[in-house]
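Visitor: I have a structure to look through and would like to ask some questions about it. Could you put it up first?

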Amino acid sequence: MTDPQWLDDLEMRAWLGYVRTRDLVAAAVGRDSTRESNLTFAEYSVMAYLSLSGESLTFAELAAKLEWSQSRLSHQITRMERRGLVAREPLPDDARRTAARLTPDGILALGDAAPMHVGSVRRNMIDVLDRDQLAALADIYDTLLAHHRRSANP
């Protein structure tokens, strides 16, 4: 067995900065979302992807966009169905597959929540950085996402 290649100071700073920032920003936006709109961060995310995709997606498509397992998505959709935010729809051309669709109440809830959500994202991340920092961060995340997507789908 070989010795691990320990992180140097810069690598440790980058890693811990990512971990701490990810948790802090997500928690702050999540708290704001729940307080202001009575939607959890997960609910808002599901609804936003459905809205951006024309209000309906198959579970496989939605899980891929969220980068969630279909099992996690199914449990989330069940909770959201109970609240009247989304509905399950069998696909007419393939009875084995199911789609999630925003309900009229879900569309209204998302519309009410969106201004607060973007305000929270701005306060907790976007407006803290200048344009060069945002561009660098976006490039970094593009690189990391591409790497992990390649690894997940060889």
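Visitor: Which residues does E43 touch, not counting residues up to four places away in sequence?

Guide: E43 touches N38, Q76, M80, R83 and L85, where contact means heavy atoms within 4.5 Å. This is a predicted model: local features need pLDDT of at least 70, side-chain atom pairs count only at pLDDT 80 or more, and totals for chains, interfaces and linings use all residues. Residues are numbered from 1 along each chain as its sequence is written, and side-chain values use heavy atoms, with hydrogens and water left out.

Visitor: Where is E43 found?

Guide: E43 is in helix α2, residues 41-52. Helices (H or I, at least four residues) and strands (E, at least two) are DSSP runs, numbered from the N terminus.

Visitor: Is E43 buried or exposed?

Guide: Buried, because the relative accessible area of E43 is 5%. Buried means under 20% relative accessible area, exposed over 50%, and partly exposed in between, with a 1.4 Å probe and protein chains only.

Visitor: Q76 was in that list. What does Q76 contact, leaving aside its neighbours within four places in sequence?

Guide: Q76 is in contact with A42, E43, V46 and W68. Q76 sits in helix α4, residues 70-82, and counts as buried because its relative accessibility is 6%.

Visitor: At what angle do α2 and α4 pack?

Guide: About 95°, with the axes of α2 and α4 11 Å apart. Axes are lines fitted to C-alpha atoms, for helices over the stretch in contact, and angles run from 0 to 180 degrees between N-to-C directions. α2 and α4 are therefore roughly perpendicular to each other. Angles under 35 degrees count as roughly parallel, over 145 as roughly antiparallel, 65 to 115 as roughly perpendicular and the rest as oblique.

Visitor: Which residues meet there?

Guide: A42, E43, V46 and M47 in α2 meet L73, Q76, I77 and M80 in α4. The residues of this contact divide into six nonpolar, one polar and one charged. Here Ala, Val, Leu, Ile, Met, Phe, Trp, Tyr, Cys and Pro count as nonpolar, Asp, Glu, Lys and Arg as charged, and the others, Gly among them, as polar.

Visitor: And α3 with α4, at what angle do the axes cross?

Guide: Roughly 105°, and the axes of α3 and α4 come within 9 Å. α3 and α4 are therefore roughly perpendicular to each other. F59, A60, L62, A63 and L66 in α3 meet Q70, L73, S74 and I77 in α4. By class, the contact of α3 with α4 has seven nonpolar, two polar and no charged residues.

Visitor: Change of topic. What order do the strands of the open sheet have?

Guide: The sheet has three strands in the order β1-β3-β2, with antiparallel pairing. Two strands pair if DSSP finds at least two bridges between them. β1 (56-58) and β2 (86-91) are the edge strands, and each pairs on one side only. Neighbouring strands of the sheet are turned by 30° against each other on average, direction ignored.

Visitor: How many bridges join β2 to β3?

Guide: Six, and β2 and β3 (residues 94-102) run antiparallel. P90 stands opposite T98 in β3.

Visitor: Which helix packs on the sheet?

Guide: Helix α3, residues 59-66, packs on the sheet and touches β1, β2 and β3. The direction of α3 makes about 95° with that of β1.

Visitor: Now α1 and α5. How do their axes cross?

Guide: The axes of α1 (residues 9-37) and α5 (residues 104-124) come within 9 Å and cross at roughly 150°. That makes α1 roughly antiparallel to α5. Residues of α1 including V25, A28 and D32 meet residues of α5, among them A113, M116 and H117. The contact of α1 with α5 divides into six nonpolar, five polar and three charged residues.

Visitor: And G106, buried or exposed?

Guide: G106, in helix α5, is buried, with a relative accessible area of 0%. G106 touches M47, G84 and L85, not counting residues up to four places away in sequence.

Visitor: Last one: is L10 buried or exposed?

Guide: L10 lies in helix α1 and is exposed, with a relative accessible area of 57%. L10 and L85 are 75 residues apart in sequence and 45 Å apart in space, C-alpha to C-alpha.
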